Amino acid sequence: MNVNWKKTVTIVVDALLAVYLVLAFTAFGEPDAKAALCQKVQIDIQDENTNGFITASDIRSRLDANQLYPLNKPMQAVQGRQIEEALKRSPFVKTVDCYKTQDGCVSISVTQRMPIVRIKAVNGDDYYLDDNNQVMPNSHYSADLIIATGHISKAFAQNYIAPLAKLFMANELWEKQVEQINVLPDRGVELVPRVGQHVVFIGYLPQAANTKERNEKIADYVNKKLTRLEKFYKYGLSQVGWNKYSYIDLEFDNQIICKKKKENKNNPE
């Protein structure tokens, strides 16, 4: 069999040339991933105005401390998972999502934990509870939260004060009216309102070992007390004056016991 070597060589050369051109165009048409640097870091704190525990500066400082801040680093060397894990170690971070874009940008999206109440106990404890009933350390946070004071252990705070605070937050009236929760040595609960110079005693929160059952019992108990208090505000204090009484006792279902405010002899009512 006669082989046309000239034709065969031509075909092979054409094939090699085609492969070379494909590789050349690919190399010149796409940026070198190894050489590409991070040109921009975009930090998005989704609820910064609501919670305010952390700032973009805080995030950069944490990443710098772990040598993970990506600016001017090769994009290939930027490890999104490591960045996420480093930021999740912050006690104020709830979720983190880090990803890279083709234009050399590293995007970091952060959500913060939601505080619901501040605890300032007589034993010196000073911390926040979040919406998952978990402890958050004290910080520069300055939002207008309900403060719980008195004889409060961490267990009592998580199991009883947290669901109580959530009930207030879920009600537009009581979210604005209740300024402070105070726990007495026997675990009786007092409320200090924003309007009126009186203290409200609501009694003792019902106990239960099961979380769901406990929350339901607390909700039922407190809602009944608040309904009675709202009616008393509307039909009682609105008539005699908001500063008439210094103490309002709602412990018993069939009566409201009020202690009159002592008159100031120099400035009688």
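**Before selecting**

The model is predicted, so local features need pLDDT of at least 70 and side-chain atom pairs count only at pLDDT 80 or more, while totals for chains, interfaces and linings use all residues. Residues are numbered from 1 along each chain as its sequence is written, and side-chain values use heavy atoms, with hydrogens and water left out.

**The whole chain**

Display the chain as a cartoon. Six helices and twelve strands form its secondary structure; these are DSSP runs, numbered from the N terminus, with helices (H or I) of at least four residues and strands (E) of at least two. Of the 269 residues, 37% are buried, meaning under 20% relative accessible area with a 1.4 Å probe and protein chains only, whereas exposed means over 50% and partly exposed lies in between.

**Helix H6**

Select residues 211-240, which are the 30 residues of helix H6. The expected span of a helix is 1.5 Å times one less than its number of residues.

Move to the start of H6, where a side-chain oxygen of Asn 210 reaches to within 3.0 Å of the backbone nitrogen of Lys 212. After H6 comes Gly 241, with a positive phi near 110°.

Select Ile 119 and Phe 168, the residues with the most contacts inside the largest nonpolar core, which has 39 residues. Such a core is a set of buried Ala, Val, Leu, Ile, Met, Phe, Trp, Tyr and Cys residues joined through side-chain atoms within 4.5 Å. Another core, of 24 residues, lies apart from the largest one and includes Cys 38, Met 75, Phe 92 and Cys 98.

**Arg 118**

Finally, select Arg 118 in strand S4 (residues 115-121). Is Arg 118 buried or exposed? Its relative accessibility is 18%, so Arg 118 counts as buried.

Now show the side chains of Asp 126 and Asn 138. The side chain of Arg 118 makes a polar contact of 2.9 Å with that of Asp 126 and a polar contact of 3.5 Å with that of Asn 138. A polar contact is a pair of N or O atoms within 3.5 Å; within protein, one must be able to donate a hydrogen and the other to accept it, and residues adjacent in sequence count only if both atoms are side-chain atoms.
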